[in-house]
Amino acid sequence: FLDERPGVVAEERFKALGGTVKTGLVAFVSSDGIRWRKLRSEPVITYTKEYAFDSQNVSFWSESEGQYVCYFRHFLEGQLRSVCRTTSSDFVNWSEPVPLRPNFPGEHIYTSLTQPYFRAPHLYVATPTRFHPGRGESTDILFMTARGSSHYDRTFREAWIRPGLDPARWGNRSNYAALNVQQTGAAEMSVYVTPFRRFVLRLDGFASLHAGADGGEMTTWPLVFAGKRLFLNYSTSAGGSVRGELRNAAGEPLPGFGLADCKSLVGDEIEGQMEWLGGDLAQWVGQPVRLHLELQEADVYALQFRD
């Protein structure tokens, strides 16, 4: 990975971990990503509790945590393929690995591929492969998220990417994602999956708040934000719309920021500004507010407060 830690020396801009259960994980550094040297001869991460390190071991500098993070594969209690996490301030001295236990009963999880989401680096996105040894060793790809040291969020339990129509995709080792998601256009991102497949989504398009012709509404937990404006990643039909209302922590509409004061969003934008008659949001910065949204034939994929 390209090390984005502030002040990293040029000779160590690129870092990597590699090894097996026999060797442990050895740290490598490079100035150009082509010519590499060991940071030290001994392994920097060892794990002897269960079989480990036999698939992609992913590491990165975490901007939000201010430390290096590594996720690697292990055998949970000697039975299920699962995920461990360890951290380091210098890429040499690593904490005791912690099993994260993202598995549902009977699940085997390979290659977590956990990485900060490039649009919101405090959120980690994982696209692991789920292994089904009792079903011809078939595989599919899951979607999980995490924040810092927290355990994975498994809100979406079902397969994210299915094997598909090709019978060859229903065998062992047929569905493994490459390193997470990458932006491949002004409004798109891609997931590359073995062998030789690319899946395309809109930016932030992992999931959405969705409403059909009957409409729907949602109210957030209390939020404390910075920034004077609110932007939504949204899509509507020609007859659909999105409107919003700001409420205080008790759920009461704020003057000038009610539904009747809101300019309806109609269209399809990655960053569409929500506007109210009350003007910008500077007066509410640092105070807990709830955002209430009303949708009709619309999807909202993400929101962000900023200047």
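A disulfide here is a pair of cysteine sulfur atoms within 2.5 Å, and by this rule the count comes to zero disulfides. This is a predicted model, in which local features need pLDDT of at least 70 and side-chain atom pairs count only at pLDDT 80 or more, while totals for chains, interfaces and linings use all residues. Residues are numbered from 1 along each chain as its sequence is written, and side-chain values use heavy atoms, with hydrogens and water left out.

Q: What makes cysteine 84 count as buried?
A: Buried means under 20% relative accessible area, exposed over 50%, and partly exposed in between (1.4 Å probe, protein chains only). Cysteine 84 has a relative accessible area of 0%, so it is buried, and cysteine 70, also with 0%, is buried.

Q: Why is glutamate 77 called exposed?
A: Its relative accessibility is 53%, and therefore glutamate 77 counts as exposed. Glutamate 77 also has a positive phi of about 55° although it is not a glycine.

Q: Why is arginine 101 called partly exposed?
A: The relative accessible area of arginine 101 is 46%, so the label is partly exposed. Arginine 101 has a positive phi, near 55°, in a residue other than glycine.

Q: Which peptide bond is cis?
A: The bond from threonine 194 to proline 195 is cis, with omega near -15°.
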